[in-house]
Amino acid sequence: MTAAVFGLVGVALVGIGLFGMLVRTEALLRILAFNLLGGGVFLVFGAVARRGAGAGFGGDPVPQAIILTGLVVAFAATALAVALVLRLAGTKDR
């Protein structure tokens with residue numbers, strides 16, 4: 001039951017992220033939308049992994065490790081993207 005709810009919330013986040021990526025033109029809002037999309041993908045992946053463990057199979061630590069690694073990489077990429085946007089915004093003033 002909870003894996004299905006997490007899966008549906010993840011799909012909703014992916015949809016909101018895609019909508020934001022397509023509609024918004026501001027760079028920071030697009031970065032935020034991309035983060036929502038990534039968070040939704042991680043949530044769906046975790047729900048699929050949890051569903052497999054709930055079906056009687058042993059809990060697999062590999063999906064958890066992949067999700068944690070993906071979160072760290074996504075955080076680093078977001079920090080880099082925000083720094084680049086701020087640098088580009090600063091050069092427009094000169």
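Student: Where is the place of V23?
Tutor: V23 sits in helix α1 (residues 2-23). Helices here are DSSP runs of H or I with at least four residues, strands are E runs with at least two, and both are numbered from the N terminus. This is a predicted model, in which local features need pLDDT of at least 70, side-chain atom pairs count only at pLDDT 80 or more, and totals for chains, interfaces and linings use all residues. Residues are numbered from 1 along each chain as its sequence is written, and side-chain values use heavy atoms, with hydrogens and water left out.

Student: And why does V23 count as partly exposed?
Tutor: Because its relative accessible area is 46%. Buried means under 20%, exposed over 50%, and partly exposed in between (1.4 Å probe, protein chains only).

Student: What about L8, buried or exposed?
Tutor: L8, also placed in helix α1, is exposed, at 63% relative accessible area. Its C-alpha atom is separated by 9.3 Å from that of G40, 32 residues apart along the chain.

Student: Switching to T78. Where is it found?
Tutor: T78 belongs to helix α3 (residues 61-92). It counts as buried because its relative accessibility is 17%.

Student: What does T78 touch?
Tutor: I31 and N35, leaving aside residues up to four places away in sequence; a contact means heavy atoms within 4.5 Å. The side chains of T78 and N35 are also joined by a polar contact of 2.8 Å. That term means a pair of N or O atoms within 3.5 Å; within protein, one must be able to donate a hydrogen and the other to accept it, and residues adjacent in sequence count only if both atoms are side-chain atoms.

Student: How many helices and strands overall?
Tutor: Three helices and zero strands. Of the 94 residues in the protein chain, 15% are buried.

Student: Which helix has the lowest mean pLDDT?
Tutor: Helix α2 (residues 27-54), at 87, while α1 has the highest, at 92. pLDDT is the predictor's confidence in each residue, from 0 to 100.
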